[in-house]
Amino acid sequence: MKQKQRVAVAMSGGVDSATVAALLLEQGYEVVGLTMALWSPSPGEPPPGSRACCAPEDAYDARRVADTLGIPFYMVDLEETFREEVVADFITAYASGRTPNPCVRCNQTVKFNHLLAKARALEATFLATGHYAIQEESRNGQPLLRRGRDRSKDQSYFLFATTLAQLGYLRFPLGDLTKEETRKLAERFGLHVADKRESQDICFIPDQDMAGFFARQSPHLLTPGEIVDQQGQALGSHRGVGLYTIGQRKGLGIAAPEPLYVTRIDPEQNRLVVGPASSLYRPSLEVMDLNWLGEHPPSAGDSVSVRIRYAAEPTPARLEPQADDALRVVFDTPQRAVTPGQACVFYQGDRVLGGGWIC
């Protein structure tokens, strides 16, 4: 009798990864469930909010799904790694005037590094996740990453930092499905998470209380400072640079003849620069720490599409290499609220070419 292929599934406790585990089991694989233990409150810290990802309740749901399916289940303690490589990076970014994306960092440094290593240690043929993206092979056998069919749920943006070696070991079984189709499959499999709502909050910031988080972890980011206009004239005061991001209008507490938005965060002088909506548009940006998912990087002047935030649709641009392996991205049409610290991801059609971090 032929031995079944063993595969590992990163189980978050949500409907997507639960459905992946059930699908692979139905397809005849020997499935092992892995859940990351990432964040538990320190003494005095509030528990994660009800909509936080990777909360203790999610681990319970993942274990219950594994029990329902009759598959082995392992909790992988990565909390120390997560604090060092994701939470510390999050704080450092805000202290530098950048707005980080902890979900991309978690994929890059924790899930597709340490969790993937655990899957290999268990001799799994591949590690599957519930991401809405498509992994396939090119004609020369190199792995490719494409956008998920459900454009409203496509998560390829969060995967740009995956290396080719990692991508070759990953599988995304939901890439050709819509969220509605996934929920219907979960119902057919009898999974209790079929109707579970999606996690949207950052797991280490209970109820998205940024002020409370920084008060506990990095109080200097709550030092009040000036709000100035683009000529440097003082207009008011802010509550700490950690509480603001580019394009923000709410919470500034200043009166002006027209709406004003944060256009720049200056951590060295501890001040916010604000301006009218028209001042938020930028013709270009620079990207660093690039990761490419193709046989070779695009050439100078190549036309691509770029996404500068998860919720944005790709927009046409051209790439211009700079010194120190940086890259200038020149938009066909100026883009609003270009935000340092966020990911800039490059596409050709629905294929992900790679990306980097806006600097």
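**Figure 1. Asn270 and its polar contacts.** The side chain of Asn270 reaches the backbone oxygen of Pro224 at 2.9 Å. It also reaches the backbone oxygen of Thr223, at 3.2 Å. Such a polar contact is a pair of N or O atoms within 3.5 Å; within protein, one must be able to donate a hydrogen and the other to accept it, and residues adjacent in sequence count only if both atoms are side-chain atoms. This is a predicted model: local features need pLDDT of at least 70, side-chain atom pairs count only at pLDDT 80 or more, and totals for chains, interfaces and linings use all residues. Residues are numbered from 1 along each chain as its sequence is written, and side-chain values use heavy atoms, with hydrogens and water left out.

Asn270 lies in the loop between strand E10 (261-266) and strand E11 (271-275). Helices (H or I, at least four residues) and strands (E, at least two) are DSSP runs, numbered from the N terminus. Asn270 is buried, with a relative accessible area of 18%. Buried means under 20% relative accessible area, exposed over 50%, and partly exposed in between (1.4 Å probe, protein chains only). Leaving aside neighbours within four places in sequence, Asn270 is in contact with Thr223, Pro224, Gly225, Glu226, His238 and Val241. Contact means heavy atoms within 4.5 Å.

**Figure 2. The whole chain.** The chain holds seven helices and 17 strands. Its radius of gyration is 22 Å, close to the 21 Å that the globule rule gives for 359 residues, so the chain is as compact as a globular protein of that length. The radius is taken over C-alpha atoms, and the rule is 2.2 Å times the number of residues to the power 0.38. Along its principal axes the C-alpha trace spans about 80 × 55 × 35 Å. Of the 359 residues, 53% count as buried. Take the contacts between residues at least 6 apart in sequence: 66% of them join residues at least 24 apart. The chain exposes about 16,600 Å², and carbon and sulfur atoms supply 47% of that area. Accessible areas come from the Shrake-Rupley method with a 1.4 Å probe; for residues, only the protein chains shown count as cover.

**Figure 3. Aromatic pairs.** Rings of Phe, Tyr and Trp (its six-membered ring) pair if their centres lie within 6.5 Å; planes under 30 degrees apart count as stacked, over 60 as edge-to-face and the rest as tilted. By this rule there are 15 aromatic pairs. One of them joins Trp39 and Phe204, a tilted pair with 5.8 Å centre to centre and 55 degrees between the planes. This pair links distant parts of the chain, 165 residues apart. Trp39 is in the loop between strand E2 (30-37) and helix H2 (56-69), and Phe204 is in the loop between helix H6 (179-188) and helix H7 (210-217). Trp39 is buried at 6% relative accessible area. Phe204 is also buried, at 1%.

Tyr157 and Phe158 make an edge-to-face pair, 5.7 Å centre to centre and 85 degrees between the planes. Tyr157 is buried at 0% relative accessibility. Phe158 is buried at 15%.

Figure 4. Ring pairs link Trp39, Phe82, Phe90, Tyr94, Phe204, Phe213 and Phe214 into a cluster. In H7, Met210, Gly212, Phe213 and Phe214 are buried. Helix H3 (79-95) is among the elements that cover the buried residues of H7.

**Figure 5. Two arginines over tyrosine rings.** The charged end of Arg120 sits over the ring of Tyr169, 4.0 Å from its centre. That of Arg147 sits over the ring of Tyr347, 5.8 Å from its centre. A charge sits over a ring if NZ of Lys or CZ of Arg is within 6 Å of the ring centre and within 35 degrees of the ring normal.

Figure 6. Glu123 has a positive phi of about 60 degrees although it is not a glycine. Glu123 lies in the loop between helix H4 (102-121) and strand E4 (127-128). It is exposed, at 63% relative accessibility. Asp324, not a glycine either, has a positive phi of about 60 degrees. The loop that holds Asp324 runs between strand E14 (315-321) and strand E15 (327-336). Asp324 is exposed, with a relative accessible area of 78%.

**Figure 7. Glu80 and Gly294.** Glu80 is found in helix H3. Glu80 is exposed, at 60% relative accessibility. Glu80 and Gly294 are 214 residues apart in sequence. In space they are 33 Å apart, C-alpha to C-alpha.
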